[in-house]
Amino acid sequence: MKVLAIETSCDETGIAIVEGEKISDGFSFTVHKNVLLSQAALHAEFGGVYPNLAKREHQKNLPVLYEQFKDEVVDAIAVTQGPGLEPALWTGIEFAKKVAAERGVPLLPTNHMEGHLISSLVQNGKLEKVELPVLALLVSGGHTEFVLMESWFKYEVIGETLDDAVGEAFDKVARMLGLAYPGGPEISKYASQAREQGLTLLKTLPRPMLRSDNCDVSFSGLKTAALYALRGKELSEDEKKAFAREFEDAVTEVFLVKTKRALEETDAKTFVIGGGVAANTYLREKLKAVVKSAFAEVDFLLPERSITGDNAIMIAEAALARRLSGLDDSDQGDFRAVGNLSIEKD
Ligand code: KG4
Ligand code: ZN
């Protein structure tokens with residue numbers, strides 16, 4: 001089955017064609033074509049994504065990108081249905097509806113978070129021999145949640161941020177430090193230079209919710225602490241590096257503690273991370289070390305960095321995995337509740 005997928009939930013316009021087939025213990029995927037146009041540079045002056053600008057850009061970009069796909073034969077069109085920025089989502093949904101109608105193929109509404117989760121389980125083009133339950137830590141600019149999948153395609157959010165998403169915190173603190181948007185990769189670069197140079201901050205930042213009796217996290221207090229610590233100060237490059245390191249340390253420590261708790265509570269057999277922040281080298285390494293030492297029986301799957309951020313491949317893979325299993329998009333457990341749009345709305 002060949003699917004053309006469209007992703008426009010945030011500030012990336014993505015179109016991809018992925019072919020999927022069932023294999024003995026799962027699925028195999030072949031990416032035939034993939035294009036991704038990031039608007040990050042345009043949103044940079046706002047220090048975050050500006051929804052109406054995103055919409056305008058998607059409207060402009062989609063027909064241009066689609067030119068490269070119009071002669072390709074596919075069996076269905078998958079489109080991100082939510083969660084995401086409404087004006088941005090609708091641009092993709094309207095476009096996908098038109099394309100599906102013109103081609104006379106079905107439209108497969110697909111959940112963005114399911115896309116992050118399923119695509120992160122794919123290793124070298126195959127999603128196979130994955131043992132349930134799966135625990136996923138999904139970390140992006142819009143979401144921060146621990147998701148439990150006890151049976152395939154049924155999701156339970158067992159912990160989440162009470163306020164800001166972690167990617168948003170990276171972006172805001174980067175902006176406070178005068179670093180470019182998106183801030184995650186910048187903070188990560190500065191933090192790693194600080195570790196190399198042995199630079200540390202004298203005053204530490206808080207590690208919120210470490211002792212709370214659940215898998216929830218919170219980043220607004222950390223962000224505010226950063227704001228107070230930086231207010232009215234001109235930092236040298238070395239001081240910025242030390243600050244970035246301390247911020248990354250604080251975030252990572254929170255995730256290490258909460259991941260341990262989540263793994264203990266759920267008896268997960270597989271652990272996976274996904275979303276834009278899952279590209280963070282330090283977080284990846286620390287999580288890997290903790291899982292290896294304390295949960296040796298858990299299979300930790302790390303997604304390739306190229307698919308951690310928003311893209312259309314992940315939407316195609318989620319849509320394919322579901323359809324190849326004989327399921328439609330209904331009954332997604334908690335994923336249904338996170339701001340999904342009804343595809344029927346006109
Ligand atoms: O999944 P994504 O591309 O879009 C959303 O659905 O939000 O995630 C974007 C977020 C941004 O906040 C960006 O700063 C963050 O992911 N990010 C990172 C890194 N690369 C991207 N955060 C920390 N370290 C990174 N290396
Ligand atoms: Zn995302």
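Is His-112 buried or exposed? Select it and see: His-112 has a relative accessible area of 4%, so it is buried, a word used here for under 20%, with exposed meaning over 50% and partly exposed in between (1.4 Å probe, protein chains only).

Before moving on, some ground rules. This is a predicted model, where local features need pLDDT of at least 70, side-chain atom pairs count only at pLDDT 80 or more, and totals for chains, interfaces and linings use all residues. Residues are numbered from 1 along each chain as its sequence is written, chains are lettered from A and ligands numbered from 1 in the order in which they are written, and side-chain values use heavy atoms, leaving out hydrogens and water.

**Stop one: the zinc ion**

Now click on the zinc ion (ligand 2). His-112 (NE2), His-116 (NE2) and Asp-310 (OD) coordinate it at 2.1 to 2.2 Å. Donors here are N, O and S atoms within 2.8 Å of the metal (3.2 Å for Na, K and Ca); water is not among the atoms, so sites may look incomplete. Along the chain, the donors of this zinc ion are spaced H-x3-H-x193-D. His-112 sits in helix α4 (residues 112-121), while Asp-310 is in the loop between β11 (299-301) and α10 (313-324), so this pair, 198 residues apart, links distant parts of the chain. Helices (H or I, at least four residues) and strands (E, at least two) are DSSP runs, numbered from the N terminus. Asp-310 is buried too, at 16% relative accessibility.

**Stop two: the two domains**

Zoom out and colour domain 1 (2-122 + 307-324) and domain 2 (130-301) separately; these bounds come from an automatic or database domain assignment. Their C-alpha centres lie 26 Å apart. Where they touch, 21 residues come from domain 1 and 24 residues from domain 2, with contact meaning heavy atoms within 4.5 Å.

**Stop three: Ala-44**

Next, select Ala-44, in the loop between α1 (40-43) and α2 (51-66). Ala-44 is partly exposed, at 25% relative accessibility. Which residues does Ala-44 touch, not counting those up to four places away in sequence? Show Arg-175 and Tyr-181. Arg-175 is 131 residues from Ala-44 along the chain, yet their C-alpha atoms are separated by 9.6 Å.

**Last stop: Glu-264**

Finish on helix α8 (residues 237-266), where you'll find Glu-264. At 55% relative accessibility, Glu-264 is exposed.
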